[in-house]
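Welcome! Let's take a walk through this structure together, one stop at a time.

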Amino acid sequence: RVISVVTKEEEVMDEAEKGKLSEGDKVEVRYRGRSRYYPGRIRSANRDGTYDIDYDDGERERNVRAELIRSLEVEEKVGL
């Protein structure tokens, strides 16, 4: 499933770059650095500032840079 495509406007600091992601958080991630975002969850945060991701489709990815991740947790909290 494709969630969205990256545009220039989206290249701003998000929750991941601020270090606010935690294990279990719902996120969208640019799989292997490509332009499209895919849904998943943070599996773990690494010492080097990268994250391990479990994608909703069963794929996994390790050592994902924060700038490739955007949090869905803030959106859900705002919608309460």
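## A walk from loop to core

Our first stop is Arg32, which sits in the loop between β2 and β3 (36-45). Keep in mind that the model you are looking at is predicted. The phi angle of Arg32 is near 55°, a positive value in a residue that is not glycine. That deserves a second look, because most residues other than glycine have a negative phi. Is Arg32 buried or exposed? Its relative accessibility is 57%, and the cut-off for exposed is over 50%, so Arg32 counts as exposed.

Asn63 also has a positive phi, near 55°. This residue lies in strand β5 (residues 60-64), and with a relative accessible area of 44% it is partly exposed.

Now step back to see the whole chain. It has 1 helix and 6 strands, and along the sequence they follow the pattern β-β-β-β-β-β-α. Of its 80 residues, 38% count as buried.

Next, look inside. In soluble globular proteins, nonpolar side chains tend to be buried together. Here the largest nonpolar core has 12 residues, including Leu21, Val27, Ile42, Tyr51 and Leu68. Both β2 (26-30) and β4 (51-55) supply at least two residues of this core, and β4 gives the most, with 3.

Which residues does Leu68 touch, leaving aside those up to four places away in sequence? They are Glu28, Val29, Arg30, Gly33 and Tyr37.

Methods: Residues numbered from 1 in each chain as written. Predicted model: local features only at pLDDT ≥ 70, side-chain atom pairs only at ≥ 80, totals over all residues. Heavy atoms only, no water. Helix = DSSP H or I, 4+ residues; strand = E, 2+ residues; numbered from the N terminus. Buried < 20%, exposed > 50% of the residue type's maximum accessible area, 1.4 Å probe, protein only. Core = buried A, V, L, I, M, F, W, Y, C linked by side-chain atoms within 4.5 Å. Contact = heavy atoms within 4.5 Å.
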